[in-house]
Amino acid sequence: PILASAHENGCICLWSIQGNLVKELLPFSKYPSVPLTALCTDISTKMLLAGSKEGHIMRWSIASFLEDPQNSKNQIKEELWWRAHSNEVVDLFHEEEKNVVVTASIDGSVRLWHAMNGYYLGYFGQPRKFDLSDISRLILPCDVNNFPTIIKEESKHMEKKKKFEYPLMLDRNK
């Protein structure tokens with residue numbers, strides 16, 4: 001078993017049951033790291049979802065890593081990133097049967113998203129019923145203007161590297 005914790009610096013830490021740090025992850029983003037406020041997995045623990053203080057949702061594939069955490073070839077891959085709310089995400093969960101992610105924000109809104117592509121499906125309290133069969137239309141809520149980003153390549157920024165100290169050196173030529 002692995003425990004996951006979300007942190008103020010935007011890092012996700014994975015811990016063994018004995019309390020040893022197994023891995024640290026930093027979400028890949030074109031924006032600076034922001035505090036993470038919510039975490040969840042699907043029932044089969046194949047994906048890890050995180051919500052941020054700025055309303056973003058990030059999805060990682062963790063299945064191969066959990067099969068053998070000691071094998072360096074089994075990496076955690078960030079697959080998807082999208083803006084779900086204009087304010088802080090306070091909770092989220094994955095409904096595996098319908099393959100949807102439900103997110104809740106500090107502003108009181110609760111929204112439904114397709115888990116595989118981050119497409120917006122609607123909000124709780126809307127006058128029409130949710131149409132979960134048509135996931136091909138890309139629509140956005142009125143307060144969000146960023147489309148989901150699929151992350152195809154492994155990024156060096158995703159795993160938190162050890163910090164190195166570089167001594168200051170005087171270069172008289174400069």
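The stops below cover confidence, sheets, a hairpin, an aromatic cluster and a loop.

**Ground rules.** This is a predicted model, in which local features need pLDDT of at least 70 and side-chain atom pairs count only at pLDDT 80 or more, while totals for chains, interfaces and linings use all residues. Residues are numbered from 1 along each chain as its sequence is written, and side-chain values use heavy atoms, with hydrogens and water left out.

**Stop 1: colour by confidence.** pLDDT is the predictor's confidence in each residue, from 0 to 100. The chain has a mean pLDDT of 81, and 83% of its residues reach 70 or more. Now select residues 155-164, where the pLDDT is below 50. This stretch has 21 contacts in the model beyond near neighbours in sequence (contact means heavy atoms within 4.5 Å). Where pLDDT is low, predicted coordinates should not be read in detail.

Stop 2: Strands here are DSSP runs (E, at least two residues), numbered from the N terminus. Two strands pair if DSSP finds at least two bridges between them. Select residues 2-6, which are β1, and 21-25, which are β3. These are the edge strands, each pairing on one side only. The open sheet has the order β1-β2-β3, with antiparallel pairing. From one strand to the next, the twist averages 20° (axes are lines fitted to C-alpha atoms, and angles run from 0 to 180 degrees between N-to-C directions). Which residue of β2 is the bridge partner of Ala4? Pick Leu14.

**Stop 3: the five-stranded sheet.** A second open sheet to show runs β4-β5-β6-β7-β12, again with antiparallel pairing. Its edge strands are β4 (36-41) and β12. Zoom to β5 (residues 47-52) and β6 (residues 56-61), which are joined by five bridges. Leu48 has Trp60 in β6 as its bridge partner.

Stop 4: Select residues 110-114 for β10 and 120-123 for β11. The two strands run antiparallel over three bridges. Arg111 stands opposite Tyr123. Five residues lie between the strands. In this hairpin, Gly118 takes a positive phi near 75°.

**Stop 5: the aromatic cluster.** Show the side chains of Trp82, Trp113 and Tyr120, which ring pairs link into a cluster. Rings of Phe, Tyr and Trp (its six-membered ring) pair if their centres lie within 6.5 Å; planes under 30 degrees apart count as stacked, over 60 as edge-to-face and the rest as tilted. The whole structure holds two aromatic pairs. Trp82 and Trp113 make a tilted pair, 6.0 Å centre to centre with 50° between the planes. Trp82 lies in β7 (residues 77-83) and Trp113 in β10, so this pair ties together parts 31 residues apart in sequence. The rings of Trp113 and Tyr120 have centres 5.1 Å apart and planes at 55°, so that pair is tilted.

Buried or exposed: how does Tyr120 count? Tyr120 is buried, because its relative accessibility is 9% (buried means under 20% relative accessible area, exposed over 50%, partly exposed in between; 1.4 Å probe, protein chains only). Trp113 is buried at 1%. Trp82 is buried as well.

**Last stop: Gly125.** Move to the loop between β11 and β12 (149-150), which holds Gly125. Gly125 counts as exposed because its relative accessibility is 72%. Draw a distance to Val110: the C-alpha atoms are separated by 8.6 Å. Along the chain, Gly125 and Val110 are 15 residues apart.

Definitions and conventions: Helix = DSSP H or I, 4+ residues; strand = E, 2+ residues; numbered from the N terminus.
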